[in-house]
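Work through the exercises below with the sequence and the model at hand. Each task is followed by a solution in steps.

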Amino acid sequence: MRFNKSELNALATSPATKFDKEGLLIVTDRQEGFLWRSEVRVERWCKLRGNLLFCLKDKDPKSSVSAVLVLENCRARILNEDCDPDGYIFDLDFKDSPTERFISYSSAERLAWVYSIEQASNETLNLLISHLKEQIVAKSRQLPLAMGNNIDLGVPVPPAMIQQQQQQEDSEDSPPVEVAPTFEELDLSELPICETALSCDSLPVDTFGRDPNPRVVCSVLQPGEDCLWREHARTELQEGTRTPQFLSTMRFQRSAGFTASTRLRFSVHDVRERMTLTSVPLGHAEVALGVIQDTTRLRLPVGSPRGECGFITLVSWSPEAAVEPGQATGNGLPPPPRSSTQLFETAGGGSTSSGSASGRRAHRRTQSLPPKLGVRLFVPQQCGLQRVCAKPRLHTYRLHSSLGADISVQETLLESRLCCVLPQQLLSIWIQREKELLQEISGMGELSGEWRWRQMNLLEEHLRLLKDYSQAKQNIQQLARDGVFFKRSSVKTDESLEFLPVNLHVQRMWAQNDTLQRRGFLDIVTVGAFTRHDAKGRQCGGLIKLLQESKSWKLEQSNACKVQAANDAVQATKQLRKEIVELMSQLLQLASRRCATDMMPLCDQMVSKTRTLLNIWEPSIVKEAVDFIEQHRIIEEPENVLMEPMSPFRKITQQLTALELKSPELEDFATPVVAPPDLWPRAQPPLMRSNSWHPSNSSPSSSLDIRAIDSLQHVVKCYNEHLRSLEQGAAGQRTEKDALSEAEGTYQSLPLAWHAQSQPQSQSQPESTPIPAALQLIDLDELRGGGQQQPPAGFLDTKLMSSSPSANYYRPTEEPEPLDLTQLNIEASVMCLECKLKFFCGRRDSPAIRLRHPKPPMKREGFAVAPQQQAPAPDVISAPEKPAQQLELDLKPLPTAAASGSGSGSAVKKGNKFTDGLDLSLTTDWAAELRPSMRKLRHAMDRLLKTARLMHSVQRLQQDVRCNRLQASIMYRRDVCFSQALTALVSSLMLRLWGSELDMAYLVMLRDLGPLAYFEGLLTLFGNEADMWSDMCIAIEDLSAVSFQLVRAQGEAALAPMPRITGSRQALEVQLPVPEHSLPGNGTSISFKITPVFFNIGINGKATYAETVGQTREQHRSNWDNYLRLSQYYGRYRKLGLGSVDAGESLQSLLAFMEQQLRANLSKNVKILHLAEDACRLMDGLRFTSCKSAKDRTGMAVTLEQCRVLVREFQLPAKHVPYALSTMRSEGTRMDNVLKNIGTRKYAFHWTQVPFLPAMYRPPVGSYGKAQT
């Protein structure tokens, strides 16, 4: 620790200094030479002040200081109570320093010194303060509040605390209950009783003649109390002035318990040291709130024990001054505002006729002007802001514009209610995907050789991911139940909450310049970097490097491209199937109303999508996969199934049905109405499980599900290790018999409960027994007792369409259906359906369509129709007994009369065989005629999806094991980053849709262009922040593939609007609820995608090093690419004619200047960020600001942008910007954000880091220091 020698000497020798203890002591001095060491006892005069013990050079009290001891981490110890030959000895034992010995002349003097030294340390003082706080809490039954000279610990009094106090006063016998401070009850649209600005004059100087550093703290004395003052608000700190004019204002609201009789104390403090905020009280003034409310300007003397020490002036705005007759409510207060801003006093008199009202008007700070100018109090309209955000923190300011008018500024910090909701929905989608992949792998059946080991590897990998996703979802659910809406930056490395964005908050600034008649909002979403934090600080290079490694792996592996193509084909098949079913549902609705004119356009769309569906898969790929299955699948004889024990693979796959294969929160296609089928069916139908999909059963708890997954993963891992050992043993001349015996030994490692479940319930029927009807695909209309009398039912409802394994997956013992047969069934169903529709529309003579081009026949062997299939209907083609070429000929359009001469010579009947026998005049129920063909088409599409998933699993099995593991780790990291990014994006969209008025121009921009989302990064491409930047680039890029749709919020959904995420990992769609009155009434839906841009500039000391060693080239390249994207977006924006002409010219000049700055490639060129901010604001885009934890550098950037907006649009003078910046950073909502994250009001900047920051990004002195971040 360093001390200033001259100041210590002045403190010790000044006659004005009051010491706690002083007197003569014999001090032991140590003297050392090159070869000798000795101790000398010298009589010195010693003085104790606080925790500093001054030892003077001799026994003269006016001599200079010889040594100073800091009495921390020390203990005074008396070895001998009696008098020693040298005197009365006591020692000072220090923790990390040698012991110091002192000798006094009497026993009483020694005891006095020991007692004073023990009471001098800060540790003892803190214990004493804690004890006093406990006594105050016991008396007042309240939470402990900030006390002492350090005035930096106070927080506003929460309303819940005041309500609790009133309840306790009513019932004194009730035990004290501690209530955590909450800001949920704060209504942002509530009208304050009054708003007050403060200024002081004639403040005293200190003993050295220096001007004070004043700050005013407002404390509250509630009615019924006489001694306990609670801090309510405070102003910023001004340096070296006796006449401060404070920018921060104080608001007094009725919901906080303020009344006219509430006593207020305004204490003026002189902050002597800014880093520790050590202050000295100068004096205080007390006044009732009613007095402030009755006058707009009040000057009070500041009193102290030493007498008057200056004056404090309160300039207030009370809304009661402009209440017109008939506007007041029952309690005499005006109604809450409902417009964009509410004017409470009109300049120049207005409609009020009472003299008292005009006499209370005054200007805030210009004391030379007459106190009868119009004063206006504005309250911004927040719309439905608090429906999507929670726990607001509010700060208000009054600034001077260049024209002398006031600029009203309101700064609000809120938490997003969606922070825990959206990651849960994403995790549900990813959990469902892992369950699908598990079913795909188990549907291949048990394989032989090395493929069984690879198959178990895939099972183990997906079970691990399923467990991780499920555990993460359970953790987030617990956090949501606790009412937490954000993740603190101090726990950003907690892997249990890694899917949540770090420190997600909404920063809103509202400003009003009455002279310019201009007002508006600035909304910025602040969030930590979208990355997966490593608790041990390990670096992996980020997603960009990992994806490059994966790409190199794919180039080496010839099968990798096939895996990706197969996955894309599966997703395309699912999407097309869903769209075709939706079209069929619309056709059924039109058929029930006999609307022939609207049916053919839908039919054409269905035919087009079906044609695309039939051409997705190449027959050669399907043939390779089928041949692979036929070659390596282990086929068990039916007569031996019941006699031999189940193999480990069969036991493992049997237990997959216990993992709730369909997530109840998802409605991808359906919530099945039947239990999942047994993968290895026995004679009896499987019993309904307690955790099955049946609607009457509630889903199991997450903890039980996770334990089951973990247990199954452990079994798979053990069996996988055993198979690996078998492979190694086979290389060492191991016999097949030994391998089988060891395989049977692994049965004992399975849980006993699984053995019981696996026992056959009946041994009278073989495995080939057809599946009971309860497990087959059923239609809800048939269950109700007749589909003819019911509206379109389950088989065409995308919300009830079955996605159970029996519908979309092959069982391990089931042979795959030939692709040609599936495609022919689809084609026949569509042809039949299309012909019937044309018949109903009066076009019965139209020939049948052709969906596919004839292909040369391919020889197929080993195919068999699945045993559970019913007898084919007339419009579905069954297993062929003739060559495939004959089947193609049967599906050709029927020949017409003109072409009959070239055929067999006989006249062919004109018409279509699918509509023969139908009489339009006798057909009354069109839907009944269409429903059978639609049902067959949907079942055929299900079988195509089965085949597609089987092909995908075979391609994945043939891929290299290391490539699978790398892709799984990349996918998990990408999911973590994407979850954080999408949560922040949807929070910003909901803020825009609910937090402000929606005009038609913005809706047109959403529909025709989509919004711009500008992400501003302050990361450094050095160390682990380089990985964060890499992750953010990929996560932001992934957002461009997400589709958004606006839906109308009605009823209870409008009170708590919640977005809904549907789709798959490759095709996500987010449904955004909007106020009912905002969407046009024509019923058209608005869908859009965003255009994300990401500009990053490092600003700290590590950024200087990164630029020096040339590590910012990737950052520059990325910024340039995003500039090109921004320019393209502006081009589309201009073509649509959006925005004003002036805004278009400004945008063009901004982009041109940004290009110049990018080409210059200067060090820490933050102008790029400022230009991107202005461009985004002019195009009404979404704003995001991020650093590592969205706390320190983000706070500097957000406050700077707010001041830039005030200068650019509200005429704040440039010379006032530094002081406004300092005020917002030290006393604004960004400091509240720091307090919420780390529990202290200090930015985590070290004094050595501050000089490396750009000048406008440096925090004010005293607002930063050593802090855990």
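**Exercise 1: a helix and its surroundings**

The buried residues of helix α34 pack against β16 (389-400), β17 (406-416), β18 (505-513), β19 (518-526), α32 (1193-1210) and α33 (1217-1227). The model is predicted: local features need pLDDT of at least 70 and side-chain atom pairs count only at pLDDT 80 or more, while totals for chains, interfaces and linings use all residues. Residues are numbered from 1 along each chain as its sequence is written, and side-chain values use heavy atoms, leaving out hydrogens and water.

Task: State which residues of α34 are buried.

Solution. 
- Apply the cut-offs: buried means under 20% relative accessible area, exposed over 50%, and partly exposed in between (1.4 Å probe, protein chains only).
- Take the helix limits from the DSSP runs, where helices are H or I with at least four residues and strands are E with at least two, numbered from the N terminus.
- The buried residues of α34 are Thr 1229, Arg 1230, Met 1231, Asp 1232, Asn 1233, Val 1234, Lys 1236, Asn 1237 and Ile 1238.
- Because nine of the ten residues of α34 (residues 1229-1238) are buried, the helix is largely enclosed by the rest of the structure.
- Just after α34, Gly 1239 has a positive phi of about 80°.

**Exercise 2: salt bridges**

Solution. 
- The criterion is a side-chain nitrogen of Lys or Arg within 4 Å of a carboxyl oxygen of Asp or Glu.
- Glu 1227 and Arg 215 meet it with an N to O distance of 2.5 Å.
- Glu 1227 is buried at 4% relative accessible area, and Arg 215 is buried at 3%.

Task: Decide whether Glu 286 and Arg 263, also joined by a salt bridge, are buried or partly exposed.

Solution. 
- The N to O distance between Glu 286 and Arg 263 is 3.5 Å.
- Glu 286 belongs to strand β13 (residues 278-288) and Arg 263 to strand β12 (residues 263-273), so parts 23 residues apart in sequence are tied together.
- Glu 286 is partly exposed, at 34%; Arg 263 is partly exposed as well, at 33%.

Solution. 
- The closest N and O atoms of Arg 44 and Asp 29 are 2.4 Å apart.
- Arg 44 is buried, with a relative accessible area of 10%.
- The total count of salt bridges is 52.

**Exercise 3: two crossing helices**

Task: Describe how helices α8 and α24 cross.

Solution. 
- Axes are lines fitted to C-alpha atoms, for helices over the stretch in contact, and angles between N-to-C directions run from 0 to 180 degrees.
- The axes of α8 (residues 421-443) and α24 (residues 961-994) come within 9 Å and cross at roughly 145°.
- Contact means heavy atoms within 4.5 Å; the residues that make it include Leu 422, Leu 426 and Trp 430 of α8 and Met 971, Phe 978 and Leu 982 of α24.
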